[in-house]
Amino acid sequence: MTSADGSAGPTFDDLDLDARLRATLTELAFDTPTPIQAEAIPPMLAGRDVIGRARTGSGKTAAFGLPLLQRLLREEPGKGRPVRALVLAPTRELALQVTGAIRSFAKDTPLRLVTIYGGASYGPQLRALGSGVPIVVGTPGRVLDHLERGTLDLSQLEMLVLDEADEMLRMGFVEDVERVLAASPDKRQVALFSATMPPAIRKIANKHLNNPLEVQVESEALSASHVRQRWLLVPEKFKRNALLRVLAAEPQHATLVFARTRASCAEVAEGLAKRGIAADALHGDLAQGARERVLNRLRSGQLRVVVATDVASRGIDVENLDHVVNLDLPMDTETYVHRIGRTARAGREGWATSFVTPRETGKIRRMQRTLGVSIEPYTVPSDADIIEAKKQRLATAVVEALQPTSAGAFELVDALKEHGTERELLAGALRLLSDQFRLDLDAEPDQEPPAWSKERAQSRDRDRGPKRDRPERGGDRPRGRDRIDTGEWTDVFVPIGRSRGVRPGDLVGAITGDAGLQGSQIGRVTIHDHVSFVQVDADAADGLLSRGRRIVVRGKKVEISKARPSEDSPHGPPGGKGPKRKGKGKSGGPGGRKPPKRKQSR
């Protein structure tokens, strides 16, 4: 591992780490700490509380994982010992990734870990906690569940880490995080890592951290000027067709495509592979070993395209990545910057292409204003553009094959001269080679881009009429009727409520974890006695509800569906008061709500 600027810096051998940890780091080819590691590890080893600010992929897990292991190794764990370190992560995917990384660092030590998260069986978690595992990595909701059950004891906790704190804020876990912090000893060491520092996270730091040292290794929180950026207008249902065209018209470089859900990742990667493009998916369902195999294939050039979700892409650091495609536009500017920052590494030129639906044109313009950069409009490549690109690749391949010269090839040319001129022979060879490039040399391609990329998108935009400029999600969200009337949210019905102990964090965690949505795609959560309603970003809801979707909420598997349209929204008018109800709902008791009507499945 080298420093960000390529210069020689302190090595892990210079840090006061246990010999077993140093040996493992050497085996893993970790030689030089990244900037966040070099800044955060020494004060954490000294026992200081730390606030670490660095973008995704900067090496934050090792920055807190190594000091955590070092602290616990000062006293070898015995059987039945209590939990001594706790790491909170916003999603189960990230919790599993953190567990995998820390476990790899600790492989030659007796330290053991358990991961606890919602949607998984309690049995294995209870057995691990009962046996005295010293390190727990978990999501806030499930950690709080174990605290309330009395199956997790934090009375002897020595270190608590909050990883991706800003993501926890966006996903509605701040209250749960506060309760976990309050349940831990006053003298525990706390490390808070976050890409950004919104006021709510700063408030937690001021309240629960003791004279923390703040480490920020990037002077600019948002910087995308080093990447060439463009966007193209594409109706939602034509995105995959547009992706094929963009990839066909571009140089054959390594490309990272961001999709919104795990299901979409798998479907897009499979569709690309069927069209002859070396592609694979990277999502939360992959085990750590499978994840590493995908990344290694990308680094080695065996893969051209990896399709990933935001959570699954955390920690990706591939130097030969030249192109990032936002198949689904991210919900906020910070996520956009973190995505496209994965290209243009090591001084290379990087491209970022964003697919924008007609309803998202205002959002891409706001991102451009916020970043102060030019995001150029781009047209979906026409058939002529694609054929010309393939011809250029074919010509380049032929020119590259000229060196070094081959005596055997010249002998074959001489032998073939009786069958035609050198020009005719070259044309015949190119015709054979064109099959490898899926190129019809005699085609008369359409010079115009496909109709759906322009006329249909513009007509849909006209049909919708003018839309007001809305704030980005992830910041101050509109309330009450403002959210419902804009049409950008869909109300999702969940047949479980307060009587089963459901909290907002349970619903947010279940939908983001089980269904693969981001926290920023979740709006207001309303919980009644026996039913609940969750506002979900309208585009994401289409995929979420396209098939019968079941999620696990507080250990119970429930089927979610689109709420019935009615005169009174389940989220009520502005001011937070719920809608009036007449009589008793069949499933909700007094003030309850009937479940939506559903078609019989066959």
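User: In which hand, left or right, does H5 pass H6?

Analyst: A crossing is left-handed if the near helix is turned anticlockwise from the far one by less than a right angle, and right-handed if clockwise. Here H5 passes H6 in a right-handed crossing. The contact (heavy atoms within 4.5 Å) is made by Tyr122, Gln125, Leu126 and Leu129 of H5 and by Arg142, Asp145, His146 and Arg149 of H6. Please note that this is a predicted model, in which local features need pLDDT of at least 70 and side-chain atom pairs count only at pLDDT 80 or more, while totals for chains, interfaces and linings use all residues. Residues are numbered from 1 along each chain as its sequence is written, and side-chain values use heavy atoms, with hydrogens and water left out.

User: At what angle do the axes of helix H5 and helix H6 cross?

Analyst: Axes are lines fitted to C-alpha atoms, for helices over the stretch in contact, and angles run from 0 to 180 degrees between N-to-C directions. The axes of H5 (residues 122-130) and H6 (residues 140-149) cross at roughly 65° and come within 13 Å.

User: How many of the residues of strand S15 are buried?

Analyst: Buried means under 20% relative accessible area, with a 1.4 Å probe and protein chains only. In S15 (residues 489-494), six of six residues are buried. In a regular strand the side chains alternate between the two faces of the sheet. In S15, Trp489, Asp491 and Phe493 lie on one side and Thr490, Val492 and Val494 on the other, and both faces are covered. Across the protein, 52% of the 602 residues count as buried.

User: Which residue in S17 is the bridge partner of Trp489?

Analyst: Strands of a sheet pair through backbone hydrogen bonds, either parallel or antiparallel. Two strands count as paired if DSSP finds at least two bridges between them. The partner of Trp489 in S17 is Asp537. S15 and S17 (residues 532-537) run antiparallel and are joined by six bridges. S15 also runs antiparallel to S19 (residues 556-562), with two bridges; there, Val492 is partnered by Lys562.

User: What is the order of the seven strands in the open sheet?

Analyst: Helices (H or I, at least four residues) and strands (E, at least two) are DSSP runs, numbered from the N terminus. The order is S3-S4-S2-S5-S6-S1-S7, with parallel pairing. S3 (113-116) and S7 (213-216) are the edge strands, each pairing on one side only. From one strand to the next, the twist averages 15°. Four bridges join S1 (residues 50-53) to S7, where Leu213 is the partner of Val50.

Methods. Buried < 20%, exposed > 50% of the residue type's maximum accessible area, 1.4 Å probe, protein only.
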